[in-house]
Amino acid sequence: MSSAAPASADFPFQAIVEQSLAGIYVLQDECFQYANATWAALVGYSPEQMLGRHLRHFVPADFLPEVLRLYHLRLASDPPSIRFITRGLHRDGRTVLIEVHGSRMLYRGRPAVAGIGVDVTERLLNEQALQASRASLQDLSAYSQAQLEQQRARYARELHDVLGGMLSSVKMDVTRIQRRADSPALQQISAGLLSLAQDCIDTVRRMSDELRPGVLDHLGLAAALRQALAEFSQRYELVQHVALTFDDALLSPRRATAVYRIVQEALTNIARHAAARRVELKMWTEAGQLRMVLSDDGCGFEPGRVRPRALGLLSMSERARELGGALEIHSEAGVGSRLSLTLPLL
């Protein structure tokens, strides 16, 4: 051990300290009185090169006041122990990020600060990169949702206006043929074609509404939800209760679409998994927020055991998040499920 280092009497476990994988140091009078090899290596020095030198040599100038402030707080026992991330100045000029846990102690009869530290530069940079990547993915998701809604609206118009118009023309022509048919065989054929044309028109109308319900654009969210619940309860023979007490004018088209899609996806999940007999939808405004609760009396599930690739639940949560809202799912096996949405009006 270097003659500049403290005697082993000051550190009863000197060998353990020297070989520690964590950096260990002692500061007194704002200067290093001890640094093991690991701590010194964090900033590119040897322990001997650090001894007796002031903190200013190892901390970026713009961060030095903060380091000294925390140092004196520990000396004053306010609090006596602090854990924080400091910026160290490496010998080669780069900045390293060190997580430090320092505490007040007596060293050679005088107040000092001793602590340990680990290099967290790579970890923090990776976390920042991950956060940036996550933000980019969320932006991409929002963009994709907007593009998808535009495509749905366009396809819905094409189906309804173009294909629906063509089928209506076919129906009219078949009607004219039926009027002129002078034999039972032609009457039967034209009647069959007329029925088929009407079925096609109904199918096109249903597909158009599934892509983008016209009632949502023309009559608003409340009317669209009532229609969706009525059709859902009729198709799956469920009892439905709807209580909507909000003003459509308070919701932007984007928010109305998001809420409709969330309810639509939730109803799909109920149809697929719940085996429910009753569905209840409530929606109201409160304190500048839209509140929604959709519940069923189905078989329920354990939320902690939802499949990781449950994309329907992920899609609903992402739609709520994009608009600053929150989605919560409460469920109990054998009792049913409740979906709660909170969404800012603006």
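Author: Let's open with a working rule: two strands count as paired if DSSP finds at least two bridges between them. The model above is predicted, so please read every value below as computed from it.

Reader: Happy to. What makes β9 and β10 a pair?

Author: Strand β9 (residues 326-332) is joined to β10 by 7 bridges. The rule asks for at least two, so β9 and β10, with their 7 bridges, count as paired. They run antiparallel. To find this on the structure, look for His330, whose bridge partner in β10 is Arg338. Glu332 stands opposite Gly336 in β10 as well.

Reader: What lies between β9 and β10?

Author: The two strands form a hairpin, with 3 residues between them. Gly334 sits in that turn and has a positive phi of about 85°.

Reader: Which other strand pairs with β10, and how do you know that?

Author: Strand β8 (residues 289-296) does, in the antiparallel sense, over 8 bridges with β10 (residues 336-344). Against a threshold of at least two bridges, 8 is enough, so β8 and β10 are a pair too. Asp296 stands opposite Ser337 in β10.

Reader: Now the loops. What makes Ala287 worth a remark?

Author: Ala287 has a positive phi of about 50° although it is not a glycine. Most residues other than glycine have a negative phi. Ala287 lies in the loop between β7 (278-286) and β8. Asp29 is another such case: its phi is positive, about 55°, and it is not a glycine. You will find Asp29 in the loop between β1 (23-28) and β2 (31-35).

Reader: Why is Ala287 called exposed, and what is Asp29 called?

Author: The cut-off for exposed is over 50% relative accessible area. Ala287 has 79%, so it is exposed. Asp29 has 47%.

Reader: How do you know that the bond between Asp78 and Pro79 is cis?

Author: Its omega is about -5°, and the bond is a cis peptide bond. Most peptide bonds are trans. Pro79 is placed in the loop between α4 (64-75) and β3 (81-89).

Reader: What makes Asp62 and Arg87 a salt bridge?

Author: Side chains of opposite charge can pair when their charged atoms come close. The limit used here is within 4 Å, from a side-chain nitrogen of Lys or Arg to a carboxyl oxygen of Asp or Glu. Asp62 and Arg87 meet at 2.9 Å, N to O, so they qualify. The pair links distant parts of the chain: Asp62 is in the loop between α3 (47-50) and α4, while Arg87 is in strand β3, 25 residues apart. Asp62, at 58% relative accessible area, is exposed, and Arg87, at 27%, is partly exposed.

Reader: How many salt bridges does the structure hold?

Author: The structure holds 12. One of them joins Asp92 and Arg94 at 2.9 Å, N to O. Another joins Arg205 and Asp202 at 3.1 Å, N to O.

Reader: How far apart in helix α6 are Arg205 and Asp202?

Author: They are 3 residues apart, so about one helical turn separates them. In general, an α-helix has 3.6 residues a turn, so residues three or four places apart point the same way.

Technical notes:
Residues numbered from 1 in each chain as written. Predicted model: local features only at pLDDT ≥ 70, side-chain atom pairs only at ≥ 80, totals over all residues. Heavy atoms only, no water. Helix = DSSP H or I, 4+ residues; strand = E, 2+ residues; numbered from the N terminus. Buried < 20%, exposed > 50% of the residue type's maximum accessible area, 1.4 Å probe, protein only.
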